[in-house]
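Please open the model in your viewer and keep the sequence panel at hand. The tour moves through a few selections in turn.

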Amino acid sequence: MWLSHYIAKITDQHRAASLFPEKPTIDFYPRSEGSRGGLRVIKASKKTVITLTIGPFCARETILQDSAGSLFSSRQLRALTPYRCTFGYDVLVYVGRALFVEGYNERQIMAALGRKNVPISAREISYLGKKFIAYLALAHRQSRKRLRQAMVLRGGYILHLDGTCEGDSLHLVSGIDGIAQIVLDNIKLPSEKAVLLIPFLRRIKRQYGEPLALVHDMGHGLMSAIAFVFAGVRDFICHFHFLRDIGKDLFEKEYALIRNRLKKHKIRSVLRQRINVLKKLIGEDDSSVRRLATDIDRGSIDPLALPKVPLLGAYTLIHWCFDTSALDGYGFPFDCPHLIFYRRLKALHGLIDKQSIRSRELARLWRPLTRIVEDQQLSKAAIQMQKKVEVFEKLREALAIAPPEGKKGLNDDGRDADIKNIEKKVELFRKMIPDTEEYQKMRAQIDKYWEKLFADPITVDTPDGQVTIQPQRTNNLMERFFRDIKRCSRKRCGTISLNRTLRTILADTPLVKIWITPSTKRSSSMVAAHWKSALRKSTLAWRQRN
């Protein structure tokens with residue numbers, strides 16, 4: 001019932017938005033330039049064409065033939081819609097942008113196009129989305145020569161490489177020029193093994209030449225493939241990934257133990273049960289909770305406040321244990337929420353045990369919190385981890401990456417610091433590493449990747465003279481790139497897992513990012529016009545070849 005009502009509503013919108021009361025017939029005639037005389041009409045074909053500017057109309061095309069047998073068709077019609085297709089280039093671009101840039105689903109796009117007098121089904125929208133990517137890939141391949149010329153004018157390109165997957169899906173691997181921040185090439189692979197990556201890297205090298213430098217993570221397959229294909233090229237690893245891997249190797253064992261022990265005690269469930277009970281007793285006094293939470297953060301609680309509102313105090317303190325505002329947004333090992341949670345549980349237990357806060361509801365938490373505090377495995381792991389975290393924080397400061405006070409998360413590319421100064425600080429840290437077995441792997445990793453950590457500025461010759469290019473210290477460009485693609489896909493599909501999406505997605509889908517980058521500030525109309533022109537040229541060239 002609702003579906004028929006929905007279709008009727010869309011139909012009424014079509015009629016209201018229609019430019020013509022009835023579907024018009026528009027004649028298209030070919031131009032006779034290049035003919036050898038004796039033009040005659042071969043046939044007059046009709047087809048329905050749907051564009052955003054006109055809506056549905058009947059295109060009546062006259063096909064001519066000269067004395068040499070050459071056929072002439074209307075270029076005007078070909079400029080509106082691909083050969084033997086119903087929907088125009090403007091509809092194709094609209095659907096592509098809506099799906100892969102805005103993240104709208106088929107039903108939303110169908111409704112939006114209906115308001116623009118473009119009747120279309122959800123299945124047709126899905127098909128046009130794939131067609132858009134295919135045309136865009138053709139346009140990109142035909143633009144490689146011009147892209148390479150633009151790279152030469154800038155002095156070259158810096159190749160950033162990375163891949164993404166979910167579960168057992170295929171790996172989507174992309175290469176981006178770090179200077180212009182445009183997508184160069186993409187491929188889907190079963191894994192990131194060197195034998196599979198080598199042909200992909202050779203293809204990039206053949207199309208764009210050797211890069212000035214490469215920036216990537218520390219995957220063994222990727223590093224082996226790069227060493228094989230780009231031997232002798234400056235090769236740097238991402239400082240963020242390097243620091244993250246060192247932190248994981250250093251105290252992931254202790255962190256996993258803390259997480260598992262807390263899970264075994266089921267303390268989170270106990271605290272949430274208390275919160276639910278307190279909610280019923282407190283009611284809806286959220287403003288009081290926020291005021292008391294602010295006082296706790298400042299470290300100055302009014303002694304008269306808690307006796308007056310014991311329930312409110314208990315509610316706020318339990319919420320304080322769960323609070324994650326102190327995290328920096330970088331993920332583990334930069335953020336350690338389970339360790340912070342354990343520390344706050346100990347602090348809450350101390351307040352209850354010393355009767356600093358007298359509350360019947362908090363007193364009921366004394367026993368489960370005591371089991372947490374008296375857990376020797378948990379206590380030992382927290383002490384060991386804290387020592388290692390302090391060493392890790394010193395390396396974090398030396399590398400000047402992912403600062404604790406920073407709030408950019410993966411948007412942080414590192415503070416503007418002199419690379420030579422960073423190298424000296426890391427060298428000094430290397431000498432200060434404790435000479436114990438548990439820090440041997442950290443020392444070995446620093447020694448192993450020393451030459452790939454510190455990228456000096458690169459001076460290159462361009463038609464306008466010498467320019468100096470500084471490679472980025474992180475590969476967070478790729479992290480943000482894939483994060484945007486996944487965010488758009490989740491918005492469109494409405495699912496958290498993208499396993500199925502990555503299985504079915506076309507390998508060249510990331511090319512949608514080539515037109516909209518931080519360095520390309522263009523209006524939507526300019527971008528759409530550029531896309532339509534590129535797609536139209538690619539289809540005409542494809543027809544000529546076939």
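Select Thr 501 to begin: its relative accessibility of 14% is under the 20% cut-off, so this residue of the predicted model counts as buried. Thr 501 belongs to helix H22, which spans residues 499-504. Display the surroundings of Thr 501 next; beyond the neighbours within four places in sequence, its contacts are Ser 489, Arg 492 and Cys 493.

To view the contact, show the side of H7 formed by Ala 194, Leu 197, Ile 198, Leu 201, Arg 202 and Lys 205. Facing them from H8 are Gly 221, Leu 222, Ser 224, Ala 225, Ile 226, Phe 228 and Val 229. Coloured by class, this contact shows nine nonpolar, two polar and two charged residues.

The last stop is H14 (residues 337-353) with H17 (residues 376-399). How do their axes cross? They come within 11 Å of each other, at an angle of roughly 120°, and the two helices are therefore oblique. Here the crossing is left-handed. On H14, select Leu 339, Tyr 342 and Arg 343; on H17, select Leu 378, Ser 379, Ala 382, Met 385 and Gln 386, which complete the contact. By class, five of the contact residues are nonpolar, two are polar and one is charged.

How values were computed: Residues are numbered from 1 along each chain as its sequence is written. This is a predicted model: local features need pLDDT of at least 70, side-chain atom pairs count only at pLDDT 80 or more; totals for chains, interfaces and linings use all residues. Side-chain values use heavy atoms; hydrogens and water are left out. Helices (H or I, at least four residues) and strands (E, at least two) are DSSP runs, numbered from the N terminus. Buried means under 20% relative accessible area, exposed over 50%, partly exposed in between (1.4 Å probe, protein chains only). Contact means heavy atoms within 4.5 Å. Axes are lines fitted to C-alpha atoms, for helices over the stretch in contact, and angles run from 0 to 180 degrees between N-to-C directions. Angles under 35 degrees count as roughly parallel, over 145 as roughly antiparallel, 65 to 115 as roughly perpendicular and the rest as oblique. A crossing is left-handed if the near helix is turned anticlockwise from the far one by less than a right angle, and right-handed if clockwise. Ala, Val, Leu, Ile, Met, Phe, Trp, Tyr, Cys and Pro count as nonpolar, Asp, Glu, Lys and Arg as charged, and the others, Gly among them, as polar.
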